[in-house]
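Here are my notes on the model you passed along. Have it open while you read.

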Amino acid sequence: MTEAAIQHPATEPEMLSLRVLARLLDYPGEALQGAAGEMIELIDAERRLPAALRTALMDWCQRLAEADLLELQAEYVALFDKGRSTSLLLFEHVHGESRDRGQAMVDLLAEYRAAGFELDARELPDYLPLFLEYLSTRPEADIGRWLGEIRHILALLVARLEERDADHALVPLALLALIGAEGDVDAHRDSVKEEAPDDTPEALDEVWEEEAVRFSAASDQDCALQSAEGRRLAERKQAVPSDPVRIMPGSGPADRGPTER
């Protein structure tokens, strides 16, 4: 879980719904299933999200609690660890495996440290659940700025996850809803339908060949990034046979409609 990968000061009121969204994108375990009830309560209390989206997220939490854990884990690996189109590493969608990605992660890590955050080596700085945990403690203006900067990545993720009928699409969709940008997904749905699958055996073989070449890279930074990502993927395999935008203001209990949960 990413909670163990980050240390942070408790100086800001936390937007706990962002932590719930982070957990929903993390590798599923018994802790996730056991926390389903609490997550449902926190989502229900998030007045910034539309009622229909809150209901969909809460229903998903209930399904997670009742599902077979090994099946959940196998589905997660198939969705996120085979191919790059649904990668939860944000900068992979922008920079691929270029050295620009390494610099972007260095810059993001500096942002974390300036805010008093320290990460261990388990996850890369641009891992989306980790990034959301960081955002959960930031002021709303910072949250809106960051979500605005990655809105194009979030919209692409929604379209690709929807194409695979994955409940996980609800998370980036909820993040877009926080800044009133759900409509961004429409620009990607048609193009995503035309994308060649990158999770076939042939496509995966090509990726492994590229990785073999990259491990001979002269850059120590490249090697460090590869080993961090490699450890994360290995752990999972063993476990399974930039536009600033204001966040939509939350409404009070008096504004709760009769049809909302």
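The points below go through a few spots in turn.

1. Ground rules. This is a predicted model, where local features need pLDDT of at least 70, side-chain atom pairs count only at pLDDT 80 or more, and totals for chains, interfaces and linings use all residues. Residues are numbered from 1 along each chain as its sequence is written, and side-chain values use heavy atoms, with hydrogens and water left out.

2. Helix H1. H1 is mostly covered, with 9 of its 10 residues buried (under 20% relative accessible area, 1.4 Å probe, protein chains only). Among the buried ones are Leu-21, Leu-24 and Leu-25, but also Arg-19 and Arg-23.

3. The core. The largest nonpolar core counts 69 residues, and Leu-24 and Leu-57 have the most contacts inside it. Such a core is a set of buried Ala, Val, Leu, Ile, Met, Phe, Trp, Tyr and Cys residues joined through side-chain atoms within 4.5 Å. Beyond its neighbours within four places in sequence, Leu-57 is in contact with Leu-21, Leu-24, Ile-43, Leu-49, Leu-170 and Ala-174 (contact means heavy atoms within 4.5 Å).

4. Thr-86. Leaving aside neighbours within four places in sequence, its contacts are Leu-79, Phe-80, His-93, Leu-157, Arg-160, Leu-161 and Arg-164. Ala-159 is 73 residues from Thr-86 in sequence, with 9.7 Å between the C-alphas.

5. H10 on H12. Helix H10 (residues 151–163) packs on helix H12 (residues 186–193) at about 50°, axes 9 Å apart; axes are lines fitted to C-alpha atoms over the stretch in contact, and angles run from 0 to 180 degrees between N-to-C directions. That makes the pair oblique, the class left once angles under 35 degrees (roughly parallel), over 145 (roughly antiparallel) and 65 to 115 (roughly perpendicular) are taken out. On the H10 side, His-152, Ala-155, Leu-156, Ala-159, Arg-160, Glu-162 and Glu-163 meet His-188, Arg-189, Val-192 and Lys-193 of H12.

6. H9 on H10. Helix H9 (residues 140–149) packs against H10 at an angle of about 60°, with the axes 4 Å apart, so H9 and H10 are oblique to each other as well. Here Leu-147, Gly-148 and Glu-149 of H9 meet Arg-151, His-152 and Leu-154 of H10.

Conventions
Buried means under 20% relative accessible area, exposed over 50%, partly exposed in between (1.4 Å probe, protein chains only). Helices (H or I, at least four residues) and strands (E, at least two) are DSSP runs, numbered from the N terminus.
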